[in-house]
Amino acid sequence: MVSNEPEYMNDVIEEREPRTRPFEVRVLCSVVHVFSFVAVNSLFLSAALLLSCTSALAAPDLPALRRGVLPPTSLSYRIDVRLDPKSRALEGTVHLRWRAPASAPAPIRRVPLHLYLNAFAHEQTTWMRESHRGFDIGEFLGRYPDPWGYSEPTAVRQRTRAGTLRAAMTYPIQPDDGNPLDRTLVEVMLVEPLAPGATLELVIDFKARLPIPIARTGGLDDYFLVAQWFPKLGAYDTRRQRFVARQFHGPTEFFADFADYDVSIDVPSGFLVGATGARVTPRKKPAPGRRLLRYRQRAVHDFAWVTGSALVAERHAHRPAGGGPTVNVRYIVPRGTAHQVTRWRRAVEGGLDVLSRRVGPYPYATLTVVAPPWRGRNTSGMEYPTLITAIVGDDLLDSFLLADNKVPEEVAIHELGHQYFYGLLASNEQVDAFLDEGFNSYWHVRTSLAVFGREIGHVLGRSLSSLTRMQAGLSRRVGAIREAVLRSPSNLFYPGTAVAHIYFRPALTLRTAERRFGRAAIDRVFSTYYARYAFGHPKPEDFLAVAREVGGEALEAFLREAFTRRDVPDFRVDAAKTARWRSPRGRFVVGGTTHTIKTDDSRDKRDTGLDRRAREKDGYVWVEVTDPGAVGLAGSVRWRRFKPRGDKRDSSRAAAKRESRARRYYESVVRLIGPGWKHLPVSVELRFDDGARVHDLWDGRATWRAYRVVRAARLAEVRIDRAGDIALDVDRTNNGWRRVPERGLKRDLGLWSTAIGQWLMTALGAWL
Amino acid sequence: MSETSDRFAPRSDRFYRPALALARGALVLCGWRLLVRALLTLPLLLSALQVSGALARRPYFADAKLPLPSVVLLHAFTKLASLLPLVAGLALLWLVIEQLLAGGALSWLDPMRLSREAVHHDTAQPSASRTLARDGLAHLFALLRVSLFVATLLFLTQRGLSLARSSIADSAELAGASGATIMLTLPLLLTLAFLLVTVVLSSLALHTRAITVADGRRRVRRTALVALRLWRRHPLRWLVPGLVRLLLLAAGAALLFAWRQSAPRGAALAGFAAAWLGYLVLETYLWYWLLRAARLLYAGRRAAALRDVPDAPWGVLRLLRYLAFWRRRTTSDSTATP
């Protein structure tokens with residue numbers, strides 16, 4: 001049954017049940033899978049798999065994927081569409097066949113259809129209201145008075161058991177926000193209820209109009225990126241036995257079931273076409289002055305295409321280094337920018353090599369890479385199954401700003417990575433967007449580094465890596481972050497923080513995990529996650545279960561904490577000082593002798609009362625460590641000894657000589673502040689003037705920690721996380737302290753800032 | 001308005017070359033300007049060293065590889081931005097002091113007086129310092145109004161160019177222009193146009209000041225018109241101050257950019273600091289040169305007719321009042337008539 005209640009309101013947010021099935025069903029599934037392993041590609045096997053109760057598709061067969069063998073689906077689309085570039089109109093028919101799961105608890109009476117283009121119909125759609133793109137609608141309307149797009153089914157007919165087509169009613173629904181003006185989701189009242197295991201066949205005639213590109217889809221005159229253009233069946237969640245279709249929201253994207261697509265596209269002559277899948281022979285001849293092309297692709301959850309009269313294409317085959325079929329990559333770029341294809345090739349082919357090795361095989365035989373022209377730039381940086389849009393194809397990329405900069409290539413790598421997380425794993429983008437965007441952001445950084453090394457991220461000779469950009473992006477928004485990553489739906493993050501929660505936090509969390517637990521562990525987690533859940537619409541708990549199983553409890557505990565906490569960690573040096581140690585004024589007893597010290601002169605000349613540990617006769621540095629503890633963890637003040645590193649004094653004679661020479665001791669006190677996470681330890685280093693370094697591992701559970709040291713050398717420096725392992729630390733500028741400022745930097749920046757001020761004065765005087 | 005004496009009037013049509021020579025009192029004028037500037041910069045220097053010292057205590061900045069990575073540099077700029085209010089305040093104060101110095105210097109650099117002194121060796125006249133202070137104060141308010149006038153024109157120019165940019169960008173977008181055209185070429189052309197306007201306005205400001213001081217005028221808008229008429233008489237020479245100042249600013253920006261890119265230490269840093277000091281000295285000398293040349297230009301033969309233009313208002317307000325009164329009169333006449 002399709003529920004009209006917002007899907008997220010029925011979710012149990014705090015804990016998600018892992019996938020479980022009744023014992024008998026699991027046994028049956030295991031038997032079926034054994035047969036499937038033996039008799040690959042047989043029709044019987046496909047039927048058996050389909051009859052078994054699984055999620056949308058059977059668990060992936062990795063060896064088969066490496067050979068390009070795709071799993072069967074229960075949904076298929078056959079679409080005929082015609083584009084009129086002048087009016088931006090689309091007209092077409094969708095033949096949809098869907099087999100309901102046999103495990104459905106009751107006959108299905110209503111099915112949802114997505115009409116995503118209606119998000120661009122007017123200013124008050126849900127998407128328009130929620131979109132925080134810095135998009136000035138006023139300016140846009142000034143340039144394009146009629147940019148709107150829409151999608152309307154003109155006739156929906158259901159094939160009955162008798163074989164006839166009967167008209168079915170449709171009506172718009174707004175289960176997420178009740179916005180009566182939003183028509184991105186409609187429900188079809190079936191004329192005949194659909195029994196479990198039965199096949200639904202709908203014939204939908206539709207009319208649509210592509211918007212002038214506002215975001216993701218649209219076109220004008222001679223360029224069209226046609227995405228989210230046809231009435232699409234909402235996804236059915238077999239775990240919860242319900243449709244989980246949502247309206248189209250600003251911060252999030254799309255979700256649908258895997259299907260087989262067979263699409264015929266009718267465009268004017270002279271228009272080049274690129275699309276999801278491979279081109280096959282059309283079923284009929286085109287009309288005069290028109291072109292008719294047909295594309296087919298199995299086991300994808302969307303179909304997008306691009307067309308234009310000023311585009312050129314280049315085809316290159318590439319066999320990914322990590323296995324998988326040879327991929328025919330087609331690069332579609334604006335005329336005059338074909339020389340930029342080499343840039344895209346390096347990114348895409350390198351990306352395929354890295355991802356196929358580290359994550360899993362790319363199982364499709366085709367990939368289309370589109371570089372939109374400048375006026376289509378709002379369709380750039382997007383991903384669709386086997387079709388991605390890179391950054392624009394324009395002379396701008398040849399300018400001094402971008403010619404040697406690899407940011408355009410990084411965008412292509414990012415969109416390619418989506419083929420895995422969005423395209424193959426296909427988690428629900430609207431509910432758990434971070435499983436795609438966040439994970440992909442982590443992988444795009446790794447992939448870019450692997451492909452380009454140090455070449456990436458330079459601006460005017462200064463490095464600017466994706467990682468540091470993400471950290472800077474997160475720190476800018478830290479004041480507004482007050483929600484957990486693992487919170488759904490993803491369109492309801494605090495305004496302005498969706499990018500931080502969905503992209504940056506998960507990516508930096510994974511980077512931190514990589515530094516802490518090792519790259520090999522993370523690779524194992526992702527390759528297992530992919531192998532187990534490709535085509536499976538995984539949820540966060542599925543990923544965490546794999547992390548625990550393959551990476552260990554500590555890894556899973558860290559990831560879970562990072563995804564469920566509402567704050568981002570910030571370690572910082574709160575206070576640090578070092579001063580000459582002096583005998584305490586007053587009366588005290590040492591070694592049975594009473595001492596009274598009244599004046600400062602007396603204090604200077606003596607080290608009476610000095611703790612014997614400060615003399616370090618045993619060669620260790622003694623540190624008083626104050627840890628206040630946390631809930632369930634008692635605090636303490638303990639003396640700990642550390643073997644100093646980087647100190648050449650090993651002999652006691654040298655120590656004695658030094659001590660008699662110095663007769664000066666210093667008391668150094670350091671206080672650190674931390675986020676108080678349970679699973680985020682951090683390294684702390686204290687360095688002294690005599691070269692001694694003390695390394696401590698703070699478990700990070702308390703919200704602060706203090707160190708006190710008395711020894712014959714002043715504290716020179718305090719460092720938290722010197723190696724930069726905690727990528728998630730939102731402000732790295734406060735992770736250290738030096739007693740003596742770096743003179744060169746101080747003078748350089750100080751004098752330069754003054755010169756800037758003087759230059760501004762000169763400018764003011766010159767112009768006014 | 002002061003009387004002119006043909007006997008001491010400049011006879012040559014050269015203005016910029018003779019102005020290169022240091023007249024009597026030039027070093028005093030330049031010295032005062034440099035000294036005031038140094039004193040004004042001192043609080044900024046101390047504050048900047050304090051802020052940069054705090055930065056230099058953080059290993060994030062101190063241990064970063066040179067040149068500082070982009071994000072590290074951006075963080076440094078964020079911290080240094082705390083100096084902006086001080087810079088803004090000092091810049092405004094400098095603007096006021098600059099007018100005082102300019103007024104006094106323009107008065108001192110009267111070509112008639114300089115010629116007369118050269119002939120008569122009359123040293124009983126007030127000193128350059130005294131003239132700087134006395135005449136600078138006398139003309140200060142008028143010169144500040146010149147600044148306000150030019151600032152208004154600059155603002156209107158910026159608004160106009162901004163609207164033009166939107167309109168041109170829209171047309172370019174609709175015509176299918178490339179990203180390079182819209183994002184690089186167009187802004188570059190508009191920036192050049194803006195700089196061209198600043199050259200004109202900068203020259204206008206200087207010549208208006210020179211005429212204000214030369215004739216003791218007080219009507220800024222009228223004086224600006226006189227300056228514009230002077231432009232007609234010397235179409236290219238009139239623009240020299242604006243061009244020189246633009247080049248000077250560009251040179252300073254280039255020096256600062258090179259300084260930042262090279263991240264100098266030790267002797268290299270001392271070199272950049274010395275180069276910057278040299279820049280400030282050059283800038284002061286050019287200030288003197290342009291003021292003197294402006295006085296010579298206005299004292300030249302071609303400007304003779306302009307010196308007789310009265311220092312009268314445009315009469316805009318009077319015209320508006322007349323129109324308002326005329327309208328009221330015609331209305332009352334028509335109601336009075338039976």
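How many bridges join S6(A) to strand S7 (residues 185–194) of chain A?

**Entry 1, basis.** I worked from a predicted model, in which local features need pLDDT of at least 70, side-chain atom pairs count only at pLDDT 80 or more, and totals for chains, interfaces and linings use all residues. Residues are numbered from 1 along each chain as its sequence is written, while chains are lettered from A and ligands numbered from 1 in the order in which they are written.

**Entry 2, sheet.** I found four bridges between S6(A) and S7(A), and the two run antiparallel. Strands (E, at least two residues) and helices (H or I, at least four) are DSSP runs numbered from the N terminus; two strands pair if DSSP finds at least two bridges between them. In S7(A), A:Met189 stands opposite A:Met169. I then traced an open sheet of four strands with antiparallel pairing, ordered S6-S7-S3-S11 in chain A. Strand S6 (169–172) and strand S11 (232–233) of chain A are at its edges with a single partner strand each, so one side of each has no neighbour in the sheet.

I noted domain 1 (267–398 + 407–412) and domain 2 (572–742) in chain A, with bounds from an automatic or database domain assignment. Their centres, taken over C-alpha atoms, are separated by 60 Å.

I recorded 51 residues from chain A and 67 residues from chain B in the contact, counting residues whose C-beta atoms, placed from the backbone, lie within 7 Å. Among the elements of chain A that each supply at least two residues to this side are helix H5 (137–143), helix H9 (466–477) and helix H16 (743–767). H16(A) gives the largest share, 24 residues.

Terms used. Contact = placed C-beta atoms within 7 Å.
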